[in-house]
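Work through the exercises below with the model open. Try each task before reading its solution.

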Amino acid sequence: MLGIVNERINFQVSPGQPSSISDDADVFTLVGSGHDAADLVNQKEIHWGLLEDSLEERLEKAGDRITDSDKADGEVKDGDLEENKKRSADGGKGGSTQKKLKKDKVVATTGKASRSESSTTSGAPRVKPELTLPIIPTEVEHSILEDLRNRVQLSSMTLPSISFYTFINTHNGLNCASISHDGSLVAGGFSDSSLKVWDMAKLGQQTGNTPSQGENELAPNENILNANAKGRSYTLFRGHSGPVYSTTFSPYGDFLLSSSSDSTIRLWSTKLNANLVCYKGHNYPVWDVQFSPVGHYFASASHDRTARIWSMDRIQPLRIMAGHLSDVDCVQWHANCNYVATGSSDRTVRLWDVQSGECVRIFIGHRSMILCLAMSPDGRYMASGDEDGKIMMWDLASGRCVSPLVGHSSCVWSLSFSCEGSLLASGSADSTVKIWDVTKSLKVSKTEENKNGKTNRLRSLKTLPTKSTPVYALQFSRRNLLFAAGALTKIA
């Protein structure tokens, strides 16, 4: 015989908006006195240097050993040039010889400059990894070293070549795009919960699925990705039950992560073209997911106001980072993998210690939600872009903004540093890619900055407009080629 127990529940209704609930004491302090709380957090010690015994460090040490022989062979003596000038006065083949010698001298001086630039980048202190790093396969290591040897050194005088991937016929369904480090694979996440991956090597072999000549007048160097091709030119991945908001390739291109409004993150194999794992932990849509620079680990950002750190071999998160007052919209790893940065709709950027899960920096200065982040290769600086089109450069050691970069007229959706850190590329909803001179921007004094409001705009080296194509993603390859992607919108 079952007995029925009656229990009385007492509750009270209060007027007004509900207050936010959080166990993080820093949150309440930040609400009451924002800058004071940030200054208190920013006094914590961080180690922003690069990892010990990295591939770049090994290659640099090997390069230093052959520098003397390079100088002996590569440089042209002034006497040779004077002699060549006399020959060129007579015309004929002497002129072409002079051009060659001048070119050799330019190459030699450029090589010297590039070594000095790379040495300043690698002059950052070396730190030990706090995470257990995965072992890089030998063939992958050789491939990376080959890319590093063939890297083009960029500067304000040497701007990057850009390869732009244009999605067409997306019907406003494309939410995000990502590009592998070598540019061979391009992924797009769509509102119909699908994920599509294009292999650039196979794309040129397709016939009969490219638009007619008059349909879209695109530049010849643009790669056309037709989202609704009849003869399928892409690999279709299905598994999510909601719109896909972010995708990211592993450093070696063998895996792909995607996050969705269904609160899950999925791991896909680009070799097997299959879904391997579904990670569940967030309670609300996951806006962003990013692989770490060494792979294996990844970080996610969600509407539940948290960011989480995961590893590929565990279905539960390793760390949960709570403290933001609103959505965490974007996430970015530090170069040494010991820190993760998060940008939020609460208009702040936070830096978190991976090992402890503790917030070690709070960056205050933006006036709108932060949409994208990028870390400099030496790990000293961070760039953040917001909804108003403003970019801010931060010094991680001090937590201060060292240079605001103004020029975009709409949301900044993507940022990427060149491999030596001398240039910053930004992609925006205003359908432009801008190249910024980072070194000059960081050297501008406050007095020069206050003279007139145009100093910020002068730091933009070049503005590259697209044909009505908002820029969704930017990626510098290891050889310093800049890849970009976006969806073509209807031209009015």
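**Exercise 1.** Find which helix and strands each supply at least two residues of the lining of the second largest pocket.

Solution. Step 1: take helices (H or I, at least four residues) and strands (E, at least two) as DSSP runs, numbered from the N terminus. Residues are numbered from 1 along each chain as its sequence is written. The model is predicted: local features need pLDDT of at least 70, side-chain atom pairs count only at pLDDT 80 or more, and totals for chains, interfaces and linings use all residues.
Step 2: read off helix 7 (138–149), strand 6 (194–199) and strand 8 (235–238).
Step 3: the largest share, 4 residues, comes from helix 7.

**Exercise 2.** Sort the lining of the second largest pocket by class.

Solution. Step 1: Ala, Val, Leu, Ile, Met, Phe, Trp, Tyr, Cys and Pro count as nonpolar, Asp, Glu, Lys and Arg as charged, and the others, Gly among them, as polar.
Step 2: the lining has 15 nonpolar, 13 polar and 8 charged residues.

**Exercise 3.** Classify the ring pair of tyrosine 279 and tryptophan 310.

Solution. Step 1: rings of Phe, Tyr and Trp (its six-membered ring) pair if their centres lie within 6.5 Å; planes under 30 degrees apart count as stacked, over 60 as edge-to-face and the rest as tilted. The structure holds 11 such aromatic pairs.
Step 2: here the centres are 5.8 Å apart and the planes stand at 65°, so the pair is edge-to-face.
Step 3: tyrosine 279 lies in strand 12 (residues 274–280) and tryptophan 310 in strand 15 (residues 306–311), so the pair ties together parts 31 residues apart in sequence.
Step 4: ring pairs also link Tyr279 and Trp310 with Phe291 and Phe298 into a cluster.

Methods. Heavy atoms only, no water.
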